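Here are some points to keep beside you while looking through the model for the first time. They go through a few helices and loops in turn.

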Amino acid sequence: MGDDGKLQLYIPAPTTRPGDRPDFSHIHIPPAGLVARPEPLTDHDAMRELPFQLVRVLDDSGAAVGPWAPEIAPETLLAGLRAMLLTRVFDERLFRAQRQGKTSFYMKSTGEEAIAVAQALVAGAGDMSFPTYRYLGWLMARNYPLDALVNQIFSNAKDPLQGRQLPILYSAREYGFYSLSGNLGSRYGHAVGWAMASAYRGDDKIAIGHVGDGTTAEGDFHEALTFASVYRAPVILCVTNNQWAISSFSGLAGADSTTFASKAIGYGLPGLLVDGNDFLAVWAATQWAAERARRNGGATLIEFFTYRASGHSTSDDPSKYRPVDEAEHWPLGDPIERLRQHLNLTGHWDDARHEALLAELDQTVREAVKQGEAIGTLGHGKPHLGEMFEGVFKEPDWRILEQRRELGI
Amino acid sequence: MAEMSMIQALNDALDVMLTRDPDVLIFGEDVGYFGGVFRVTDNLQARHGVTRCFDTPISEGGIVATAIGMGAYGLRPVVEIQFADYILPAFDQLVSEAARLRYRSNGDFWAPITVRSPYGGGIFGGQTHSQSPEALFAHVTGLKTVIPSNPYDAKGLLIASIECDDPVIFLEPKRIYNGPFDGHHDQQLKSWAGHPAAEVPEGYYSVPLGKAATLREGREVTVLAYGTMVHVAQAAIAETGIDAELIDLRSIVPLDIEAITESVRKTGRCLIVHEASRFAGFGAELSALVQERCFYHLKSPIERLGGWDTPYPHAFEWDYFPGPARVAKALRRCMEEPA
């Protein structure tokens with residue numbers, strides 16, 4: 001900042017670029033267990049410090065500490081670990097499938113698995129998530145069939161979406177997973193509307209909406225927060241701050257100036273800042289916000305602080321815009337390793353079982369991919385061509401019927 | 001039967017549907033306590049309660065996004081965008097979400113929403129209260145676009161739109177809310193009183209989407225119109241004495257292609273009129289369809305009349321608006337013999 005009488009246009013930039021040593025010294029990581037946990041119906045005005053305090057439960061030794069430490073049955077934690085691992089194994093395998101030409105596109109959730117998996121396990125069966133494309137863990141935690149995922153990714157005859165949608169943009173109503181789209185943020189307001197509908201009917205279901213850090217700059221984000229606040233909608237609005245939006249660092253969405261969680265203050269909502277690589281913290285924060293929502297306390301904004309350990313998608317090379325080894329230096333570690341460490345520490349898990357589970361999941365994924373390949377990969381074994389014309393409207397009009405005939409179907 | 005203006009008929013449709021179906025609810029800017037800037041939702045909040053008809057923030061994108069989420073849950077929201085000129089902040093929601101939800105999710109989710117919006121000129125509203133954006137929606141696969149021209153249709157089409165499981169853009173020609181304006185802005189205004197289409201049945205009925213109405217049978221030329229232009233065309237036909245067949249499309253998606261082709265094949269001539277500016281307007285699609293399907297029946301070139309290709313100009317409202325004199329001129333051009 002100069003004061004020579006001339007204005008200067010400020011363009012933000014990340015602290016490091018390719019070739020630099022990764023540097024996260026600007027990120028302050030407090031010890032686990034320090035942040036107070038208010039009663040969920042506390043007035044938002046009395047919680048204005050929360051969006052600036054990182055809620056962490058797992059300490060460096062893997063112990064669950066502090067007031068946010070949730071009571072979770074060991075078998076649920078093991079189910080969470082399994083779903084996170086399955087997500088990672090599946091991502092690795094299907095990313096490679098894209099490289100082998102079996103599909104057009106893929107996106108991995110690597111480093112962010114705890115968020116979707118913990119939320120899937122803590123949310124009610126009737127609740128609806130409005131996911132981002134790094135939310136596969138929800139489906140894994142809820143035992144969505146792997147075959148159906150693979151078939152969707154391969155756009156083959158058994159694709160549940162019948163070849164109409166880009167790979168990984170799933171829809172699974174019965175599993176509480178709303179239809180994904182490649183437009184960012186445009187379902188955030190749907191989560192609010194869905195939650196308002198539940199309240200309108202006097203039901204007990206809540207919605208969980210998701211965007212990434214970059215999408216907080218979209219109007220949809222602010223519109224949804226306004227409606228959520230005005231109508232006290234039973235919704236949890238989440239921001240996964242994984243530091244990167246393709247090649248744009250989170251500072252381009254305003255992260256250099258404040259936390260994303262703190263945006264809640266302007267809307268008169270509680271905001272939680274949560275270690276997104278800490279399965280127990282994600283669980284605890286979601287549970288807190290869900291309780292508040294279900295008791296008519298309205299919406300909560302949660303920022304999950306994490307790191308996108310993979311590239312954006314199969315279409316970019318992150319080494320072109322950030323240090324290639326940045327992920328290894330992320331100060332909050334890896335979500336799978338941290339839950340594994342916790343389970344090891346509490347005596348519910350060990351390395352031998354972990355290796356055995358990995359091998360089992362690898363085999364399971366291989367088999368799912370194999371069945372998908374047998375049906376067809378991109379461009380082969382496609383759904384019936386007539387599917388192209390289905391579902392435009394509930395009933396086709398004459399245009400659709402004429403065009404079908406033109407194609408001879 | 002009761003005699004109603006279009007506003008009363010629309011209000012009645014909403015009242016009927018709020019009473020019939022607990023999943024129907026209404027929201028939008030100023031629609032609740034106040035009853036809407038054009039009074040279409042007058043008294044509905046008092047009669048049905050605040051959760052059935054309520055006010056929203058000034059956020060068209062937020063209104064439509066909320067409606068889609070509610071629709072996905074299983075409700076049938078009817079939202080008002082105060083002027084069609086303000087619908088553009090919601091365009092992404094309509095195009096990328098409402099129109100695509102059923103298709104991309106293979107029927108897992110859909111958006112049975114109705115988006116009502118007053119549109120069109122003739123009220124000295126300048127360029128932000130006068131536009132006719134129907135072609136923008138007609139081009140979007142997955143949306144239906146409905147435009148009534150009288151109280152009877154307004155009620156029946158709105159009920160059909162609310163019951164429709166696809167998203168419907170329901171454009172209300174605000175110039176004819178209170179009377180069948182025929183474009184003669186310098187003459188005394190008529191109310192709906194005494195007009196046959198102002199006789200509106202009480203209670204429930206619907207007018208199917210995709211069925212045009214032949215308002216006047218004729219042998220010499222087919223006139224395709226919708227909204228306010230139906231009445232302008234009617235006046236021009238009467239003034240020229242040309243034996244025209246007047247078709248009120250009532251919905252442009254779905255489009256009653258059979259009624260159009262049957263009529264043009266009979267008359268051999270076609271005039272298309274709309275308020276929206278002409279270039280790439282919905283008339284372009286109509287013209288193309290008529291040419292493709294009726295070419296060998298045509299005796300003269302298809303005429304296409306619209307607003308000029310300028311933004312809607314405040315002081316020049318009646319120079320811009322395709323009034324009866326311009327429609328009459330176009331009708332006469334249709335009838336000209338080749339030189």
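**Notes on selected helices and loops**

1. F124(B) is partly exposed, with a relative accessible area of 43%, where buried stands for under 20% relative accessible area, exposed for over 50% and partly exposed for what lies in between, using a 1.4 Å probe and protein chains only. Its phi is near 55 degrees, which is a positive value in a residue other than glycine. F124(B) belongs to the loop between strand 5 and helix 6 (134–138) of chain B; helices (H or I, at least four residues) and strands (E, at least two) are DSSP runs, numbered from the N terminus.

2. On the basis of these notes: this is a predicted model, in which local features need pLDDT of at least 70 and side-chain atom pairs count only at pLDDT 80 or more, while totals for chains, interfaces and linings use all residues. Residues are numbered from 1 along each chain as its sequence is written, chains are lettered from A and ligands numbered from 1 in the order in which they are written, and side-chain values use heavy atoms, with hydrogens and water left out.

3. N106(B) also has a positive phi, of about 50 degrees, although it is not a glycine. This residue sits in the loop between helix 5 (101–104) and strand 5 (114–119) of chain B, and N106(B) is partly exposed, with a relative accessible area of 31%.

4. T41(B), in the loop between strand 2 (24–28) and helix 2 (44–48) of chain B, is buried, with a relative accessible area of 0%. Not counting residues up to four places away in sequence, T41(B) touches N11(B), L14(B), I26(B), V31(B), G35(B), G36(B), C53(B), E80(B) and R116(B), contact being taken as heavy atoms within 4.5 Å.

5. T228(B), a residue of helix 8 (residues 228–240) of chain B, is likewise buried, with a relative accessible area of 1%. Leaving aside neighbours within four places in sequence, its contacts are P173(B), R175(B), I176(B), F181(B), E275(B) and F321(B).

6. A cis peptide bond, with omega about -5 degrees, joins V253(B) and P254(B), and P254(B) is placed in the loop between strand 12 (251–253) and helix 9 (257–267) of chain B. In helix 9 of chain B the buried residues are I257(B), A259(B), I260(B), T261(B), S263(B), V264(B) and T267(B). These pack against helix 11 (398–406) of chain A, and also against strand 10 (221–225), strand 11 (244–248), strand 13 (270–277) and helix 10 of chain B. After helix 9 of chain B comes G268(B), with a positive phi near 80 degrees.

7. In helix 10 of chain B, the buried residues include F282(B), G283(B), L286(B), S287(B), L289(B), V290(B) and C294(B). Seen down the axis of helix 10 of chain B, its buried residues fall within an arc of 165 degrees, so they line one face of the helix; the arc is that of the directions from the helix axis to the C-beta atoms.

8. In chain A, L86(A), F90(A), L94(A) and A97(A) of helix 1 of chain A make contact with helix 4 of chain A through L146(A), L149(A), V150(A), I153(A) and F154(A).
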